[in-house]
Amino acid sequence: METWLVTGGAGFIGSNFIRHILAQNMVKIVNLDKLTYAGNLLSLSDITHNPDYTFVRGAIEDLPLVQDLLCRCRPATIVNFAAESHVDRSIDGPGQFIQTNIVGTFQLLEAARAYWLQAPPGTKAAFRFIHISTDEVYGSLGSSGRFSERSAYAPNSPYSASKAAADHLVRAYHHTYGLPVLTTNCSNNYGPFQFPEKLIPLMTLSAVAGKELPVYGDGGNARDWLYVLDHCRAIQAVLVKGTPGQVYNIGGGNEKTNLEIVHAVCDLLDRLQPRKDGHSYRRQITFVQDRPGHDRRYAVDAGKIRRELGWNPKETFDLGLRKTVEWYLGNPNWCRETLRGSYYGERLGLGTTA
Ligand code: NAD
Ligand code: TDX
């Protein structure tokens, strides 16, 4: 059985990806994660004792550690999820985003290059480095159009700029050294195990806690939402069938304004766990100061991955959102433990802290 090294596997998408892959009983997974506030081993508690799974605590920018790990586990593939991922936090403190997303990706590429160069011919030919990135690198759209793989990079937040820099490094390692890399640029994910600082889990938990539901600006900013398992399936398709050096955009074709999302969450909660006073959770919606530099609209053209790799999203938004909201209601222990000591639903990203 071959081994895949997954970085950032204790986070939202990484933990879903590891569970999805291990269920297929065809590879061993080594998960390298620093366990920042966003990483939580509880998200993997059901697979901790799986003999095909190993956890290593460490940072992707720790070159000696990564070199040693590659030497010991001889992975066929590296999947790089590790990142600082929250736009609001990047506005308050960009430094960690530069460190992890840029320097970290660079160090991981360096370790991968050295490992790949001295690998035996069979391993060398089959090796893949897959870098998980975001549609936010393309900047903001007007009222029409979608991002394709040919769209120019125009990142607007420190988060998206750091992801863009990492994407360029990954690209350069293919162009210059021939490292067999693949990059995916995906739209907003939703689903179980997402840290409750992001829109959907934050609104769900704040609503049932009787708190305000802070909608930035006029609530008209639009995102293209994709269920996390559909993203995981897309990544696997890129790993198995993608062409090294290529970029694949991934999106749900499911564009919604933030206000539509918050309304949908409130309406679901009205059915699943009605407020005691009989009013709708929509009463708790509050329009608050906008996010600085807030991108107005993202929409992804996923035609290339559909055509070339045969991937299509399987989840409908209505069912995916219902599963997600039910999961948060049904896992109060995970929510409590994940948030403990690190985040209490407070407003982030006004850029007022230095
Ligand atoms: P997340 O914040 O939930 O998880 C990130 C994980 O990386 C955490 O477990 C954290 O502990 C770990 N980590 C952070 N710094 C590290 C370091 N230096 N070394 C090792 N591990 C480190 O993020 P996510 O939402 O799961 O996103 C995963 C990846 O997918 C990111 O690269 C992100 O940019 C990208 N992405 C996310 C979305 C989305 O909607 N969430 C969409 C497109 C792309
Ligand atoms: O309280 C809120 N109120 C609100 O109106 C929060 C937390 C967010 N918003 C808005 C801002 C965005 O327009 O909702 C939208 C979604 O916000 P986030 O959940 O913070 O996600 P976003 O900024 O779109 O970025 C996400 O998708 C792309 C991920 O965090 C990134 O890692 C990914 O690359």
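Before the details, some conventions: residues are numbered from 1 along each chain as its sequence is written, chains are lettered from A and ligands numbered from 1 in the order in which they are written. Since we are looking at a prediction, local features need pLDDT of at least 70 and side-chain atom pairs count only at pLDDT 80 or more, while totals for chains, interfaces and linings use all residues, and side-chain values use heavy atoms, with hydrogens and water left out.

Let me begin with the parallel sheet. Its 7 strands form an open arrangement in the order β3-β2-β1-β4-β5-β6-β10, where strands (E, at least two residues) and helices (H or I, at least four) are DSSP runs numbered from the N terminus, and two strands pair if DSSP finds at least two bridges between them. At the edges stand β3 (53-57) and β10 (247-250), each with a single partner strand, so one side of each has no neighbour in the sheet. Neighbouring strands here are turned by 20° against each other on average, direction ignored. Strand β2 (residues 27-33) runs parallel to β3 and is joined to it by 5 bridges, and one bridge pairs Asn31 with Phe55 in β3. Helix α2 (residues 63-73) lies across β1 (2-7), β2, β3 and β4 (77-80), and runs at about 170° to β2; axes are lines fitted to C-alpha atoms, for helices over the stretch in contact, and angles run from 0 to 180 degrees between N-to-C directions.

The other sheet is also open, with 3 strands in the order β7-β9-β11 and mixed pairing. Here β7 (188-190) and β11 (255-257) are the edge strands, and because each has a single partner strand, one side of each is left without a neighbour in the sheet. From one strand to the next the twist averages 50°. Strand β9 (residues 222-227) pairs with β11 in the antiparallel sense over 3 bridges, and Arg223 has Lys256 in β11 as its bridge partner. Helix α9 (residues 258-272) packs on this sheet, touching β9 and β11, with its direction at about 85° to that of β11; contact means heavy atoms within 4.5 Å.

Now to the helix pair. The axes of α11 (residues 317-330) and α12 (residues 332-339) come within 5 Å and cross at roughly 75°. The two helices are therefore roughly perpendicular to each other, a label that covers 65 to 115 degrees. On the α11 side, Trp327, Tyr328, Leu329 and Gly330 meet Pro332, Trp334 and Cys335 of α12.

Finally, the ligands, where a residue is near if one of its heavy atoms lies within 4 Å, and a polar contact is a pair of N or O atoms within 3.5 Å. Around ligand 1 there are 29 residues, of which Ile13, Asp33, Ser85, Tyr159 and Lys163 come nearest. Oxygen atoms of ligand 1 lie 2.9 Å from a polar backbone atom of Gly11, 3.0 Å from a backbone N or O atom of Phe81, and 2.6 Å from a polar side-chain atom of Lys163.

Ligand 2 is surrounded by 19 residues, the closest being Thr134, Glu136, Tyr159, Arg291 and His294. Polar side-chain atoms lie 2.8 Å from a ligand 2 oxygen atom for Thr134 and 2.6 Å from one for His294, while a side-chain N or O atom of Asn188 is 2.8 Å from an oxygen atom of ligand 2.

Terms used:
Angles under 35 degrees count as roughly parallel, over 145 as roughly antiparallel, 65 to 115 as roughly perpendicular and the rest as oblique. A polar contact is a pair of N or O atoms within 3.5 Å; within protein, one must be able to donate a hydrogen and the other to accept it, and residues adjacent in sequence count only if both atoms are side-chain atoms.
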